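Thanks for making the time this morning.

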Amino acid sequence: MKIQESAENYLETILILHNRKGYVRSTDIATELGFSKPSVSVAMKNLRTNEYIAMDENGFISLTDKGMAIASSVYEKHTVLSRWLVSLGVDPKTAAEDACRMEHVISQDSFTKLKEHAEKCHFEG
C-alpha cells in the first residue's frame, strides 16, 4: 500500500525512537523532527485513523502490524541506501539526507536489485 511520504517519515521516526528509547510519545516525535506539537498531533490522529499506530491511555505510541511493515521497509531502504552512498565516497551527512529522499521514490524491485548488488560487491570485494 502506498502512503504519503510524510506518513512514511512519521512511521520511520516512531520505529527509530522506539528502538532508541523503548517508548515513543508525540513530544518525542516533535523534538526528533523539529515539528510543532500541534502538527505532530494532527499527524498522529491521521495515522491512528488509518490504523498505522495505536496510542495507549498514557499517550505512548506503538506501531500496528500495518504501520510496522511500512516503517521497517522505509528504515531498511534508508539504511541500505545511506551505507551504499557512503561506500561510494559520499559524505555521511549528505548520504543520509539523500537516502531520506531516495527511500520514498525507489521501487521495491529496484531497491531489491540494488541491495543484492551491494551485498554481492561487499562479500566479494
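The buried residues of α2 are Asp28, Ile29 and Ala30, where buried means under 20% relative accessible area, exposed means over 50% and partly exposed lies in between, with a 1.4 Å probe and protein chains only. Before I go further, this is a predicted model, in which local features need pLDDT of at least 70 and side-chain atom pairs count only at pLDDT 80 or more, while totals for chains, interfaces and linings use all residues. Residues are numbered from 1 along each chain as its sequence is written, and side-chain values use heavy atoms, with hydrogens and water left out. When I speak of helices (H or I, at least four residues) and strands (E, at least two), I mean DSSP runs numbered from the N terminus.

What covers the buried residues of α2? The cover includes α1, α3 and β2. Taking isoleucine 29 by itself, and leaving aside its neighbours within four places in sequence, we find it in contact (heavy atoms within 4.5 Å) with Tyr10, Thr13, Ile14, Leu17, Val24, Val40, Met44 and Ile61. After α2 comes glycine 34, with a positive phi near 75 degrees.

Let me turn to the packing of α2 on its neighbour. Helix α2, residues 26-33, and helix α3, residues 37-49, pack at an angle of about 120 degrees with their axes 9 Å apart; axes here are lines fitted to C-alpha atoms, for helices over the stretch in contact, and angles run from 0 to 180 degrees between N-to-C directions. The two helices α2 and α3 are therefore oblique to each other, given that angles under 35 degrees count as roughly parallel, over 145 as roughly antiparallel, 65 to 115 as roughly perpendicular and the rest as oblique. On the α2 side, Ser26, Thr27, Ile29 and Ala30 meet Lys37, Val40 and Met44 of α3. By class, this contact of α2 with α3 has 4 nonpolar, 2 polar and 1 charged residues, counting Ala, Val, Leu, Ile, Met, Phe, Trp, Tyr, Cys and Pro as nonpolar, Asp, Glu, Lys and Arg as charged, and the others, Gly among them, as polar.

Arginine 83 is found in helix α4 and, at 61% relative accessibility, counts as exposed. Its C-alpha atom is separated by 8.9 Å from that of alanine 99, 16 residues apart along the chain.

Stepping back, the protein has 6 helices and 2 strands, and buried residues make up 33% of its 125 residues.
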